Amino acid sequence: MKQIFIDLETTGLNPKVDVITEISCIYKHNGKIKKRFTQTTRVNLERNFLEFLNSIIDKYDAKDKAYFIAYKAQFDCDFMHEFFKEIPGSNFGNYFYHIPVDVLGLASYKFMLNGIIPSSFKLKDVAKQLGVKVNEDKLHTAEYDIDLTNEVYKKLRKLNSCFKIKSKR
């Protein structure tokens, strides 16, 4: 199973007018980190990011896709959809399943099941609630935030795992 954890930094909140300024990704295959990508400038961002994705996914194989995983995933997903519109011959669906996996939503659900009331659902507060060490000086950089998101995701997977679904393979 291919998973790509993604965090973006942008010039604003509107994917129709604002742009991505930073991308950081962790590629995991069957739960193990295989590759990372981080770029903190716009210079050749589209080309470099596509090279990263093409090294992992065969965009011509309809079954070769990755799960798009992010904290507040819809925000990042909306920006990525606009990002791909700028690149002739590519689109989000070439690389990712269309429904993103939202670590924030997973945190809310797992906390509800376990009777946990966090101080807030900001990434740093959820991480602290789960016992993940947070370096507040590094917050809001794509590279640090994606590492923190990955750590939160790993902790959440262990929290009340009673709903595991067995694969029919």
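Me: Is Lys72 buried, partly exposed or exposed in this predicted model?
Reply: Buried means under 20% relative accessible area, exposed means over 50%, and partly exposed is what lies in between. Lys72 comes out at 47%. That value falls in the middle class, so Lys72 is partly exposed.

Me: Where does Lys72 sit, and what is its phi?
Reply: Lys72 is in the loop between strand S4 (67-70) and helix H2 (73-85). Most residues other than glycine have a negative phi. Lys72 isn't a glycine, yet its phi is positive, near 60°.

Me: Which residues line the second largest pocket closest to its centre, and which element gives the largest share of the lining?
Reply: This pocket has a volume of about 440 Å³. Of its 16 lining residues, the closest to the centre are Asp7, Tyr71, Lys72, His140 and Asp145. The lining divides into 6 nonpolar, 3 polar and 7 charged residues. S1, H2 and H5 each supply at least two, and the largest share, 4 residues, comes from S1.

Me: How far apart are the end C-alpha atoms of helix H6 (residues 142-158)?
Reply: H6 has 17 residues, so at 1.5 Å a residue it should span 24 Å. Its buried residues include Asp145 and Tyr153, and strand S2 (20-29) and helix H4 (103-113) are among the elements covering them.

Key. Residues are numbered from 1 along each chain as its sequence is written. This is a predicted model: local features need pLDDT of at least 70, side-chain atom pairs count only at pLDDT 80 or more; totals for chains, interfaces and linings use all residues. Side-chain values use heavy atoms; hydrogens and water are left out. Buried means under 20% relative accessible area, exposed over 50%, partly exposed in between (1.4 Å probe, protein chains only). The expected span of a helix is 1.5 Å times one less than its number of residues. Contact means heavy atoms within 4.5 Å. On a 1 Å grid over the protein atoms alone, a cavity is a set of points where a 1.4 Å probe fits but cannot get out, and a pocket is an open set with protein on both sides within 12 Å along at least five of seven lines; lining residues have an atom within 4 Å of a point. Grid points are joined across faces, edges and corners, and a volume is the space filled by probe spheres set on the points. Ala, Val, Leu, Ile, Met, Phe, Trp, Tyr, Cys and Pro count as nonpolar, Asp, Glu, Lys and Arg as charged, and the others, Gly among them, as polar.
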